[in-house]
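Here are my notes on the two-chain model you passed along.

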Amino acid sequence: MSEILLKIDGQEVTAKQGMTLLDAARSAGISIPTLCHHEKLEPYGACRLCIVEIETRGGTRIVVSCVYPAEKNLIVRTRSEKIDRIRKMILELQMAHAPDSFILQDLAKEYGADRNRFEKEASFCIHCGLCVRYCAEVKKKNAVGFIDRGIRKEISFIPEIASKECWKCKECFPLCPTEALQAAYVLVEALAFPQAST
Amino acid sequence: MDKERIDQIIDKHNCEPSYLIQVLLDIQAENSWLPGEVLERVAERLQVPMTRIQHIATFYKAFSLVPKGRHQIHVCMGTACHVRGASRVLDTVQGLTGIEPGETDLDLKFSLETVNCLGCCALGPVVEIDGKTHGKMAPALAADVLINYD
């Protein structure tokens, strides 16, 4: 495997072929905030919180570090005024959906995001897809999936699979950054297989 | 819709998981909606998880998970039709069929939808029923058009 040398925040970092910018930064001990990233899962690029600035042909460009492959001699900045501003906006938009999420609140404190900036539309799910992807890729059960699209997109359990598989697994529960998943599970349990839960 | 017919449609597409949307479209075209048992059969034969099928069936407007009427009414609400009084036409159609947009009446005669442009703005206001375009509609003409369908 060939080694790639790049510069992240002024620090020389060696990355292996096929690594993303996020992998490279984390291997060098540089932290980038993420919500939808999980090491066991394929990169997804949903939350956009891991954006970084790269230098290309004299200018700079914002890319999503969890899906952007490491390139030779790339100059990367993980914090800048522009990145902080965009991350703050992303957090504020997500907090309109899940204002009381602990992960979001911690990040909001760091980036100075105001949880009340946008009108609340408490759907609680921020569509990071962690539960859906974990169930499909790691557990291969496909008990939970997305339905609908756009502003109506939400997670939905398949009751037939959930009643058989979920009670003994529940590995997706700690993954959820907002606890919308637990609520969705309790709802499907109450509606579709109440006798199993008692 | 019987099992053999679904299997026929699936076999026509060589049981390929990547033909999922085509299979669903064919079933939708024949049955006018996608019942739960049909989706389960498709999931079983194509070896596609039910979550994926649900995601696709709810994502595209072409698919319906509830029964549709024998006749599909599309009332155009595009700018040109709107200016020429599409909302009054819609009101009349709603009154005649007794259903709101997105609904189907109890005896499965009509399903009503609003659309945003049918691409023939010069004919506005336009109402499309089962693919046939009725141009220059007016509230007073709606009853004469709808009476031809049963």
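Predicted model: local features only at pLDDT ≥ 70, side-chain atom pairs only at ≥ 80, totals over all residues.

1. Overall layout of chain A. You get seven helices and seven strands, running β-β-α-β-β-β-α-α-α-β-β-α-α-α from the N terminus. The C-alpha atoms fill a box of roughly 60 × 45 × 25 Å along the principal axes. Of the 198 residues in this chain, 33% count as buried. Looking at contacts in chain A with a separation of 6 or more, 55% come from residues 24 or more positions apart.

2. Where the chains meet. Ten residues of chain A are in contact with eight residues of chain B. Which element of chain A gives the most to that side? Strand E6 (residues 144–147) does, with four residues. By class, the chain A side has five nonpolar, three polar and two charged residues.

3. Helices H5 and H6 of chain A. H5 (residues 159–169) and H6 (residues 180–192) pack at about 105°, with their axes 10 Å apart, so H5(A) is roughly perpendicular to H6(A). On the H5(A) side the contact is made by A:Pro159, A:Ala162, A:Ser163 and A:Cys166, and on the H6(A) side by A:Tyr185, A:Val188 and A:Ala192. That comes to six nonpolar residues, one polar and no charged ones.

4. Helix H3 of chain A (residues 102–111). Its buried residues are A:Leu104, A:Leu107 and A:Ala108. They sit on the same side of H3(A), because they cover an arc of only 105° around the axis. Turned away from that buried side is a face with the exposed residues A:Phe102, A:Asp106 and A:Lys109. The cover over the buried residues includes helix H2 (81–97) of chain A. Just after H3(A), A:Gly112 takes a positive phi of about 70°.

5. The sheet in chain B. This is an open sheet of four strands in the order E2-E1-E3-E4, with mixed pairing. Strands E2 (110–115) and E4 (132–134) stand at the edges with a single partner strand each, so one side of each has no neighbour in the sheet. Neighbouring strands are turned by 20° against each other on average, direction ignored. Helix H6 (residues 86–97) of chain B packs on this sheet and touches E1 (71–76), E2 and E3 of chain B. The direction of that helix makes about 155° with that of E1(B).

6. Backbone spots to look at. Most residues other than glycine have a negative phi, and most peptide bonds are trans. What is the peptide bond from B:Gly124 to B:Pro125, cis or trans? That bond is cis, with omega near -10°, and B:Pro125 lies in the loop between E2 and E3 of chain B.

7. A:Asn142 has phi of about 50° and lies in the loop between helix H4 (130–138) and E6 of chain A. B:Lys136 has phi near 45° and lies in the loop between E4 and helix H7 (139–146) of chain B. Buried or exposed? A:Asn142 counts as buried, with 21 C-beta neighbours inside 10 Å, while B:Lys136, with 11 such neighbours, counts as exposed.

Terms used: Residues numbered from 1 in each chain as written. Chains lettered and ligands numbered in written order. Contact = placed C-beta atoms within 7 Å. Helix = DSSP H or I, 4+ residues; strand = E, 2+ residues; numbered from the N terminus. Nonpolar A, V, L, I, M, F, W, Y, C, P; charged D, E, K, R; others polar. Buried ≥ 20, exposed ≤ 12 C-beta atoms within 10 Å, placed from the backbone. Axes fitted to C-alpha atoms, helices over the stretch in contact; angles between N-to-C directions. Parallel < 35°, antiparallel > 145°, perpendicular 65-115°, else oblique. Pairing = 2+ DSSP bridges. Arc of directions from axis to C-beta.
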